[in-house]
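We will go from stop to stop, with something to select at each one.

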Amino acid sequence: MGDKRTYTKKEAGMYLTGMFGQNMIYNIIATGLVSFYLQYVLYIPVTAIGVILVIARVWDAINDPIMGSIVDRTKSKWGKCRPYLIYAPIPIGLITILTFVNGIYTNATTGAGRVMIVIWAGVSYILWGMVYTVGDVPIWGITSLMSEDQDQRSKILGLARVVAGVGGIGVLVVQIGQALGSVFTDGLTAGTPEYNVAVQKGFLIGVVVLTVISTICFQMAGIGTKERIKTSEERHTITESFKIMWKCKPFRQILISGILRSPIQLMMLLAMSFATYYFCNGDFMNLFGDNGINIKMLVSVAFVACGIFLGQFISMALAPVFAKKIENKTLYNIYSIGGGVAFLMLYVIYRIFDGDVTGYVGSALTGVMFFFASAGFGGVNVMQSVMIADCVDYEEYNNGIRPDGIFFSGQSFITKLSGGIAAIIQSAVYGYIGFSDKAIEIMNADLVNGASFITYNGGSYANAMFILLSVFPAVGMFLAVIPTAKYALSDKEHKRMLNELIAKRTKESAENPDDIQEA
């Protein structure tokens with residue numbers, strides 16, 4: 001690697017451990033809380049959830065770039081990203097737990113109790129988003145400071161995306177919560193306030209255990225990393241930072257593409273509720289019936305789960321390899337279009353099997369389509385991070401500043417805005433068909449008593465889930481290629497810029513050896 005400074009294997013391991021913990025926390029909230037707990041356990045109306053998400057996303061539009069600007073203005077003995085990675089994980093973990101305390105000690109059967117649950121949900125979720133940003137922006141931004149070698153940086157970003165995907169096991173908080181809840185619900189009648197509180201206690205215990213593990217892992221990113229690239233001494237106001245972000249054409253194209261791709265997040269938001277309701281009829285514990293394990297149900301869930309997660313992991317691991325041979329823009333668009341086709345085929349298969357793909361053949365085909373759909377999802381995420389890091393070099397080359405914080409706050413903003421838009425789409429669709437609060441509570445009791453989710457209410461609930469998991473993400477993936485069809489930064493041009501930047505840094509380091517930042 002010549003004169004190019006880069007991270008050690010130990011440092012990469014510590015960083016990736018932190019990335020795992022951070023994403024585990026994200027999935028506990030994004031899937032466990034927003035997509036399941038609020039709707040299927042607390043029975044908050046989907047319209048109220050939609051309002052909470054709109055408010056949260058509007059605030060994120062302001063909060064994330066502000067945090068990026070603050071990171072870029074930070075100067076400490078640890079650098080500009082590490083201080084936040086050292087101190088942010090613990091408060092993030094504590095607030096994560098507090099979001100699930102909601103409802104357990106509140107009389108949810110009264111009007112005042114229901115209002116308190118909604119207020120708690122809104123305030124705690126928005127507060128969580130604010131604090132989470134303090135750690136999210138730096139953990140991605142530090143990658144462009146850990147190494148000036150393009151291949152090594154692409155490698156760590158690719159691995160970070162893979163590990164972030166592994167952190168998706170945080171979605172298992174749903175199954176863990178249901179399993180623990182079954183201990184407390186033993187002997188209670190489904191649909192009663194006592195039964196609901198017992199389920200909530202199971203979730204809270206699962207959340208506490210998973211969040212403690214996640215927080216400890218997250219802390220490693222701050223403890224074990226090092227910033228090697230000296231950043232500009234120039235400081236910018238928040239308004240100036242916004243202008244820098246928007247004026248950078250390649251970054252602007254990525255930002256718009258990410259927003260248009262928002263419906264893709266429906267896959268991760270609905271994955272656990274889809275598996276739980278469509279394949280396990282509302283309760284993961286139905287896999288373990290009175291006559292032992294339900295083999296057909298287990299195999300069907302395994303097909304879909306393997307498709308969703310293996311597709312992402314394999315694609316994210318291979319993306320940096322493909323990026324060495326294929327133009328970044330081209331690879332990004334291939335993943336988008338290919339993923340869009342696979343998502344669309346999911347609904348085609350669902351209709352071919354007349355709404356029931358729980359059989360061996362139907363679930364196998366569904367799993368295959370999920371594999372290719374999630375491969376597109378994972379590949380796009382890796383390329384987005386790589387291209388944003390390149391944009392930081394582009395800005396340094398053209399304007400003499402490295403806006404690591406503000407640019408990677410854009411990635412944080414894309415992720416949270418996309419999740420919010422996806423959840424709003426879900427809320428709108430569910431609200432339209434009446435799949436909300438009391439209706440879900442009644443349905444849960446009916447499923448316990450032998451009803452089938454697939455045919456419940458004429459199959460409208462199951463059909464809505466499939467449309468949300470297939471048609472909407474397909475449209476988002478196709479739209480995402482519009483801004484990047486004529487991407488403004490070619491690989492050849494970036495390589496030229498980076499080589500000149502490295503030569504400049506090497507010369508400056510030789511002339512001013514004391515200016516090199518150390519851990």
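Start by selecting Val-304. Leaving aside neighbours within four places in sequence, Val-304 is in contact with Phe-274, Phe-279, Ser-363, Thr-366, Gly-367 and Phe-370, where contact means heavy atoms within 4.5 Å. Val-304 lies in helix α13, residues 295–323; helices here are DSSP runs of H or I with at least four residues, strands are runs of E with at least two, and both are numbered from the N terminus. With 4% relative accessibility, Val-304 counts as buried. The cut-offs are these: buried is under 20% relative accessible area, exposed is over 50%, and partly exposed is in between, using a 1.4 Å probe and protein chains only.

A word about what is on your screen. This is a predicted model, in which local features need pLDDT of at least 70 and side-chain atom pairs count only at pLDDT 80 or more, while totals for chains, interfaces and linings use all residues. Residues are numbered from 1 along each chain as its sequence is written, and side-chain values use heavy atoms, with hydrogens and water left out.

**Helix α1**

Next, select residues 9–41, which form helix α1. Where does α1 bend? Look at Leu-33, where the helix bends by about 45°; the bend is the angle between axes fitted to the seven residues ending at a residue and the seven starting there. Of the 33 residues of α1, 28 are buried, so the helix is largely enclosed by the rest of the structure. Step past the end of α1 to find Tyr-43, which has a positive phi near 60°.

Go back into α1 and pick Ser-35. Is Ser-35 buried or exposed? Ser-35 is buried, with a relative accessible area of 1%. Show the backbone oxygen of Ala-30 as well: it lies 3.3 Å from a polar atom of the Ser-35 side chain. Not counting residues up to four places away in sequence, Ser-35 touches Ala-30, Tyr-40, Leu-269, Ser-273 and Gln-426.

**The nonpolar core**

Now colour the largest nonpolar core, which has 154 residues. Such a core is a set of buried Ala, Val, Leu, Ile, Met, Phe, Trp, Tyr and Cys residues joined through side-chain atoms within 4.5 Å. Which members touch the most others? They are Tyr-15, Tyr-278, Phe-407, Tyr-430 and Phe-453. Helix α1 gives the most to this core, with 18 residues.

Zoom in on Phe-407. Setting aside neighbours within four places in sequence, its contacts are Ile-244, Met-245, Cys-248, Phe-251, Ile-388, Cys-391, Val-392 and Glu-395.

**Helix α16 and what follows**

Select residues 404–433 for helix α16. Its end C-alpha atoms are 44 Å apart, which agrees with the 44 Å that its 30 residues should span; the expected span is 1.5 Å times one less than the number of residues. Helix α16 is mostly covered, with 23 of its 30 residues buried. Just after α16, Gly-434 takes a positive phi of about 80°.

Carry on to helix α17, residues 437–448. Asp-437 belongs to α17, and its phi is near 20°, a positive value in a residue other than glycine. Asp-437 is partly exposed, with a relative accessible area of 25%. Glu-441, also found in α17, counts as buried at 15% relative accessibility. Draw a distance from Glu-441 to Thr-192: they are 249 residues apart in sequence but 9.6 Å apart in space, C-alpha to C-alpha.

**A loop and the cysteines**

For a loop stop, find Asp-354 between α14 (328–352) and α15 (360–399). Its phi is near 55°, again positive in a residue other than glycine, and at 66% relative accessibility Asp-354 counts as exposed.

Finish by displaying the cysteines. How many disulfides does a search of the whole structure find? It finds zero, a disulfide being a pair of cysteine sulfur atoms within 2.5 Å. For Cys-81, the nearest cysteine sulfur is that of Cys-391, 17 Å away. Cys-81 is buried at 0% relative accessibility, and Cys-217 is buried with a relative accessible area of 16%.

Methods
Polar contact = N/O pair within 3.5 Å; in protein donor to acceptor, adjacent residues only side chain to side chain.
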